[in-house]
Amino acid sequence: MGAEAALYKPEWLTYPEHPEALDRRIWTSSFARDDSGELTVDGVKVSQLVQEFGTPEYVFSEDTFRARAREFRAAFEGAFVPFGAEVSVYYAGKAFLTTAVAAWAKEEGLNLDTASGGELGIALRAQVPGERIALHGNNKSVAEIRRALENKVGRIVADSVPEVQLIAQVAAKMGVVAPVMLRVTPGVHASTHDFIATAHEDQKFGQSLVEGTSGLSGLALEDLLELGLDANDCYAAISVAIAHREPSLDLRGLHCHIGSQIFEADGFGKAAEKVLDFMHEMNQRFSITMPEIDLGGGYGIGYTEADHPRGAAEIAQSLAQMVADTCTRLGMKIPHLSFEPGRSIAGPSGITLYTVGTIKNVSIEDENGDTRVRRYVSVDGGMSDNARPVLYESDYTATLANRAPRGSQVLSRVVGKHCESGDIVVRYVYLPEDLGAGDILAVPATGAYCFALSSNYNYLTKPGVVATSAQHAPREIVRRETEEDMLARDMGIV
């Protein structure tokens, strides 16, 4: 019996008593069914969206995005007021970024975290002020650093000792002072997929807080001693020592991020405690006061009925208490705090619409050795517009969108049209027995990382992005790619 047989149906998947109902852990209030049972987005029928813009199509609720941006900003600012601490909220643009989205984040009072020169370019095109932009990344080029400094970004997050030195060199040549934060690795293994857990030691991000790792920096012992360090110090301590001595650097503080799609509060609290302990130690040793600390983001959202996401207020209040308790223990003032929600704002804002094509049944053997039938429902997109299932084994759900579900529900698997057996959009979902070619399926919670990770695999053109709002008619904020667009860089027969 293969591994697949044991997963004919996961325990968390239940038969839908009312298949037309939308689970509010997954679907925000922007999504509803009208009197006929058709799905609407901010009051617009999906049939209208499909008729005007086609499928596959990303549909993004501007109303939900703005509401969640306001919610996270208010939650974090409010949670720290009783402790006398100031807070900034950065939207993590890598989740989903267009010029329009960057402008929405700015208008809702959020700063913007960018992870590349391209994302920085979008932020600048959206006229986000430089001081409200952060530049991230583990291998920034000289051109990216220079562009960030030319536009007076509020922070450059340095990921290693060589990068601290590179930023200092570029800034010195430009005759400016670069505001830097140092990304550290608190050694907390988040409860999430390994590819999106970013605070354990054995991965590419950040600078270790483990004692005795200074030797990994490549600096000779005499260089460490000159910096006031020794071989027992950690890698991150070298960055602090270098950054506070470099006249071309303004050491703003420390940054950490433990991963993504995390539900438990413990990991965030442990990371905050470790980073604050280290900050206090460095402040004492070098007689400095680093004014800021960034605790990242990574707050989980609902993709399926198995997920139980926490609200923004609950997340913020638990973190505020953890930070306050640690600072009280250390006898230090709470530094300026910043947080970086991305998926938790963008994810629930978006859905993907597909048109159903081929439907067929296959026989498999279940965990009891019995023969069972699984229905495969093919749609007109797939792994080129949602790479997360194949990258991270991510689960999604789906619903019939263009009409009310009728009849009994059948356990189904929604698959794409790519030439890959792993091209699965939704692994387990109940869909109506009378589902047929031409019906429209909606996959919720695709607002984060689907557009950002999209590709032209098998030479499929990329979908457009349609923004909806109760305040205006639907409009494309990224137009659908054409075959001419896709082939524009092909130099032809030479």
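Reading contacts, packing and cores

A: In this predicted model, Glu 108 touches Arg 66, Ala 69, Arg 70 and Arg 73, with residues up to four places away in sequence not counted.

Q: Where is the place of Glu 108, and is Glu 108 buried or exposed?

A: Glu 108 sits in the loop between helix 3 (99-107) and strand 6 (111-114). Residues under 20% relative accessible area count as buried; Glu 108 has 11%, so Glu 108 is buried.

Q: How is the packing of two helices read, for instance at what angle do helix 4 and helix 5 pack?

A: Angles under 35 degrees count as roughly parallel. Helix 4 (residues 117-125) and helix 5 (residues 142-150) pack at about 25 degrees, and their axes are 10 Å apart. The two helices are therefore roughly parallel to each other. Their crossing is left-handed.

Q: Which residues make the contact?

A: Helix 4 contributes Gly 117, Leu 120, Gly 121 and Leu 124, while helix 5 contributes Glu 144, Arg 147 and Ala 148. By class, the residues of this contact are three nonpolar, two polar and two charged.

Q: Which residues touch the most other members of the largest nonpolar core?

A: In soluble globular proteins, nonpolar side chains tend to be buried together. Here the largest nonpolar core has 116 residues, and Phe 76, Phe 80, Tyr 91 and Phe 278 touch the most other members. Leaving aside neighbours within four places in sequence, Phe 76 is in contact with Val 87, Val 89, Tyr 299, Ile 315, Ala 316, Leu 319 and Phe 339. Another core, of 18 residues, lies apart from the largest one; among its residues are Leu 39, Val 44, Ile 351 and Ala 401.

Technical notes
Residues are numbered from 1 along each chain as its sequence is written. This is a predicted model: local features need pLDDT of at least 70, side-chain atom pairs count only at pLDDT 80 or more; totals for chains, interfaces and linings use all residues. Side-chain values use heavy atoms; hydrogens and water are left out. Axes are lines fitted to C-alpha atoms, for helices over the stretch in contact, and angles run from 0 to 180 degrees between N-to-C directions. Helices (H or I, at least four residues) and strands (E, at least two) are DSSP runs, numbered from the N terminus. Angles under 35 degrees count as roughly parallel, over 145 as roughly antiparallel, 65 to 115 as roughly perpendicular and the rest as oblique. A crossing is left-handed if the near helix is turned anticlockwise from the far one by less than a right angle, and right-handed if clockwise. Contact means heavy atoms within 4.5 Å. Ala, Val, Leu, Ile, Met, Phe, Trp, Tyr, Cys and Pro count as nonpolar, Asp, Glu, Lys and Arg as charged, and the others, Gly among them, as polar. A nonpolar core is a set of buried Ala, Val, Leu, Ile, Met, Phe, Trp, Tyr and Cys residues joined through side-chain atoms within 4.5 Å. Buried means under 20% relative accessible area, exposed over 50%, partly exposed in between (1.4 Å probe, protein chains only).
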